[in-house]
Amino acid sequence: MDKSSQSVLSNLIWRFMERCGSQLISFVVSVVLARLLAPELYGSIALVTVITSILQVFVDSGMANALIQKKDTDDLDYSSVFYFNLVFCLVLYLGLFLAAPFIARVYEDGSLVPVIRVLGLTLVVSGVKNVQQAYVSKTMQFRRFFFATLGGTLFSAVVGISMAYMGYGIWALVMQQLLNAAVNTAILWLTVGWKPRLAFSFTRLAGLISYGWKLLVSALLDTVYNKLYQLVVGIVYSSADLAYYNKAELMRPDYCFPNRLEEVVILQHAILHHPEGAKAPYYLGNFWYNARQYDDAIACWEFSASKDSSFPTVWRNLSLAYYNKRHDAGKAKEALEKAFGLDPTDARILMELDQLYKKLQYSHKQRLEFLEQHLSLVEQRDDLCIERASIIKKQFFLTTFDMHPES
C-alpha cells in the first residue's frame, strides 16, 4: 500500500473514531440529562436551536466548501474568508441579540431572552472555527478533528451534567452546547498549524463567494425545510410538546408495536402536527398491516421512507408488502436490497433477500455466490446454513451428473 492510500485509510479511521466517540458520549449524556431535567427545558432549547441552526447556514455561506474545492488555495484565501466570517458572524449575533425579546414574545416565553443571547454566541465561535475546519479538511488532518471533537464533547458533558445536578436547569443545556463549540474551537486553534495573517483580498473573496453562494442557497433551503415545522409547532404548542415530539422521533423502534384503536388516533395526531417525523407513519403502517389494511400500510411506510430513507426496517416491510400483497417483484427486490444495503449486519434481511432471489428464480450459482459474500452472517442463522448446504448439494449433483456419452 502506497503512502497516499495509507494516508486516506488513516484519515478515514480517525474520522470514524471521532464520529463513534462523540455519538457515544452524546448518547450517554442525553440519557443522564433526561433524568435530571424536565422535558419542557428541552423544548425551549429546541426552539432556540432551530433559530441558531438556520443562522448557522449563513455562518458558512458556502465559503468553507469553496476553500476546500479551490485547487490553489493559499494563506490570502484563508485569511480573507476568516476576517469576512468573523465580521459577518458578529453582525448576525448582534441582530439575534436585538431580536431576542421579539422572538420570546412570539413564543410567549420571556425566559427565552437570555437563553437566545447566550446560546447565540455559538455563531461567533463558529465564525472563528469555520476556516480552521476547512483547512483541516483541505490538508486531510482528520486526527485534529478527533481530538477537538472528543475534547469539546467530554468537557461540555462534565459541565452540563454537573450544572444539571446542581439545579441550574436550562442553563446546563445552554452551557453544554456553548462550551462544546468553544472547547472544540480552542483545541483546533492550538493544534492546527494555520493562523490568519494580516491580509485581505476582496478579489479573492469575490471569487470564493461566486462559488459558495449556490451552496448557501441549497443548504439554507434544506435547513429551513427541515426546521420550519419545529418553529410552527413551537408557536402552536408548548415547548414541552416540541420536546416530546423530538424525543419520540429519536427513540429506538424495536419494541413499539401499536395494536389498539386509540393508538391510531395518537399516531395520526403525531403525523399531523409533526409532519417531518418518520417514526409515527412507520408505526401506523405496522398497525394497518396487522389489521390487513394493506394499501394504508404501504402508504404509511412509503411516507415514512420519504422522510427518513436511512431506516432499513421500513424498506424491509415495504418489500414484503410489495411482493405478498401487490405482487410487484421488481419493487420488492429493490426495497429489500436497499434495506440490506443500509444494514448489512442484519442476518434476517439476508435470509429474506436470499429467499426472494429464490422465488425470482436466481440460479444456484448466483445465490451461493451471494451467500458466500456474507458467510459470517449465514453462520448466525440455522435456516441460512441449511439453505447454503442445500444449494451446495444441488450444485454437486448437477455438476456430477452433467455427463455426455462418449463418441
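## Two loop residues

Arg292 is exposed, with a relative accessible area of 65%. Exposed here means over 50% relative accessible area, buried means under 20%, and partly exposed lies in between (1.4 Å probe, protein chains only). Arg292 sits in the loop between H12 and H13. Its phi is positive, about 65°, although Arg292 is not a glycine.

His327 is also a residue other than glycine with a positive phi, near 55°. His327 is found in the loop between helix H14 (312-324) and helix H15 (329-342). At 65% relative accessibility, His327 counts as exposed.

## The model and its numbering

This is a predicted model: local features need pLDDT of at least 70, side-chain atom pairs count only at pLDDT 80 or more, and totals for chains, interfaces and linings use all residues. Residues are numbered from 1 along each chain as its sequence is written, and side-chain values use heavy atoms, with hydrogens and water left out.

## The chain as a whole

The protein chain has 19 helices and 0 strands. Both are DSSP runs, numbered from the N terminus: helices are H or I with at least four residues, strands are E with at least two. Of the 407 residues of the chain, 42% count as buried.

Contact means heavy atoms within 4.5 Å. Among contacts in the chain with a separation of 6 or more, 72% join residues 24 or more positions apart.

## Helices H12 and H13

Helix H12 (residues 279-290) packs with helix H13 (residues 294-307) at an angle of about 165°, and their axes are 8 Å apart. Axes are lines fitted to C-alpha atoms, for helices over the stretch in contact, and angles run from 0 to 180 degrees between N-to-C directions. H12 and H13 are therefore roughly antiparallel to each other (the term covers angles over 145 degrees). Their crossing is left-handed: the near helix is turned anticlockwise from the far one by less than a right angle.

H12 brings Pro281, Tyr282, Leu284, Gly285, Asn286, Trp288 and Tyr289 to the contact, and H13 brings Tyr294, Asp296, Ala297, Cys300, Trp301, Phe303 and Ser304. By class, this contact of H12 with H13 has 10 nonpolar, 3 polar and 1 charged residues. Nonpolar covers Ala, Val, Leu, Ile, Met, Phe, Trp, Tyr, Cys and Pro; charged covers Asp, Glu, Lys and Arg; the others, Gly among them, are polar.

## Salt bridges

Side chains of opposite charge can pair when their charged atoms come close. A salt bridge is a side-chain nitrogen of Lys or Arg within 4 Å of a carboxyl oxygen of Asp or Glu. By this rule the count is 12 salt bridges. One of them links Asp77 and Arg204, with the closest N and O atoms 3.3 Å apart. Asp77 lies in helix H4 (residues 75-106) and Arg204 in helix H9 (residues 202-236), so the pair ties together parts that are 127 residues apart in sequence. Asp77 is buried at 0% relative accessible area, whereas Arg204 is partly exposed at 27%.

Arg367 pairs with Asp354, the closest N and O atoms being 3.0 Å apart. Arg367 belongs to helix H17 (residues 364-372) and Asp354 to helix H16 (residues 347-359), so this bridge ties together parts 13 residues apart in sequence. Arg367 is buried at 3%, and Asp354 is buried at 0%. Arg388 forms a salt bridge with Glu372, the closest N and O atoms being 3.1 Å apart. Arg388 lies in helix H19 (residues 382-400) and Glu372 in helix H17, so the pair ties together parts 16 residues apart in sequence. Arg388 is partly exposed at 24%, and Glu372 is partly exposed at 34%. Salt bridges that share partners also join Lys70, Asp74, Asp77 and Arg204 into one network.

How values were computed. Parallel < 35°, antiparallel > 145°, perpendicular 65-115°, else oblique.
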